[in-house]
Amino acid sequence: MGKISLEVNGRKVEKEAPDNTLLSTFLREHLQLTGTHIGCDTSQCGACVVHVDGNSLKSCTALAADVNGSKVTTIEGLETNGKMHPMQEAFKKLHGLQCGFCTPGMVMSAVDLLQKNKKPSDTEIRDWLEGNICRCTGYQNIVAAVKEAATKM
Amino acid sequence: MKDFNYHSAKDSKEASKLASSSSAFLAGGMTTIPSMKLGLATYKDLIDIKNIKKLSGIKVSGRSVTIGAATKHVEVSNSKDVKKAIPSLSSLAEGIGDPQVRNRGTIGGSIANNDPSADYPSACIALNATIHTNERKIEAAKFFKGMFETALKKGELIEAIEFQIPEKSSYQKHPNPASRYAIVGVYVAKHKGDVNVAVTGAKSCVYNDKEMSKALSGNFSSSSIDGMDLDSSEMNTDMHASAEFRASLVVTQAKKAVDAC
């Protein structure tokens, strides 16, 4: 057991957790932030992507202890005063999702991309989203949504 | 995942003091954590080394590039110094896994793990690297011992990897379309006097292909290895590629690398 102190979506949290607690488990089960999804649980699918100190990572492949003291942003932290983030708006507008399971990770990865590359090309978007798997959309509308969001962010 | 004790070490000394026969060092955890989750590995203690400041960073001198063991792939691929000194090393780092893996995974972790399909071991062989540990310096040629096996002793910690700057070099891989691991990757480096052709993914461990090195040292042109019929008897066969296909891919990737130099 150890004390995990994080700043999650701007809120300071401090909880005891066993040393083998994954960040994804900590977010979902200890903080009830279930927007972060567990898909494959083997670091392939990217449904669990969150930001830690401004960079995207797969929260199923990091220990909570391992990111102790960091600032974490999850999908729940993107909205401001009940208004969706431009990336969420773009996914909604351009049908960048069907079942929605991969969407939280897809959106968090895409937001990280635009933080680092304000005007990505189609190829750069596809390369960046390599670690996020969607089984519904065929990716076309996801790429279109990221391009749309790039004009709004 | 089975229970273990997590420790965060302040320095190399503390890290090696905490090490035991049932411990592992934790850097990015991109292999260690999945292996533990799948039950392929169990440890009593995980010793986190990424907060040891001395283990991160990139230094370029006239003849070599030295990269701290806990330096992340994204830091290597984004480094202007690496891009200038050894562009092929920068592009190798950019081709590892996906952005989330590159944000987390480290060069020391990759080398210590010595996955038969990993990218970095080929860079170490091609660029005559010296592996600096908390105890000694090990030449890359003597470091990679076999599948997931290295010359590291229990409790020995990689601190930095020193790469020799070549005259020309290129890394070309045929990646698995899903995992991005190399089905075959070939790192060609032309140094003053000789040429290294380091191959990953083809056999149980990275190696320097002597036949191609010799041919290219005589004449550094892809025509000098064109059509070379490599012995495939020790090459891997799996659902992705047969040994014969890998033997052919090694030559193809080597030619591409020479042409890209």
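Modeller: Let me start with a term: two strands count as paired when DSSP finds at least two bridges between them. This is a predicted model, by the way.

Colleague: Good to know! What makes β13(B) and β14(B) a pair?

Modeller: Pairing needs at least two bridges, and β13(B) and β14 (residues 207–208) of chain B have 2 bridges, in the antiparallel sense; therefore they qualify as a pair. A198(B) stands opposite N208(B) there. The two strands form a hairpin with 6 residues between them, and G201(B) in the turn has a positive phi of about 85 degrees.

Colleague: How do you know that β12(B) and β13(B) pair?

Modeller: By that cut-off of at least two bridges: 6 bridges join β12 (residues 182–190) of chain B to β13(B), so these antiparallel strands count as paired. K190(B) faces V195(B) across them. This hairpin has 4 residues between its strands, with G193(B) in the turn at a positive phi of about 100 degrees.

Colleague: Which residues does A123(B) touch?

Modeller: Leaving out residues up to four places away in sequence, A123(B) touches L89(B), L92(B), F163(B), Y171(B) and Y187(B).

Technical notes:
Residues are numbered from 1 along each chain as its sequence is written. Chains are lettered from A and ligands numbered from 1 in the order in which they are written. This is a predicted model: local features need pLDDT of at least 70, side-chain atom pairs count only at pLDDT 80 or more; totals for chains, interfaces and linings use all residues. Two residues are in contact if their C-beta atoms, placed from the backbone, lie within 7 Å.
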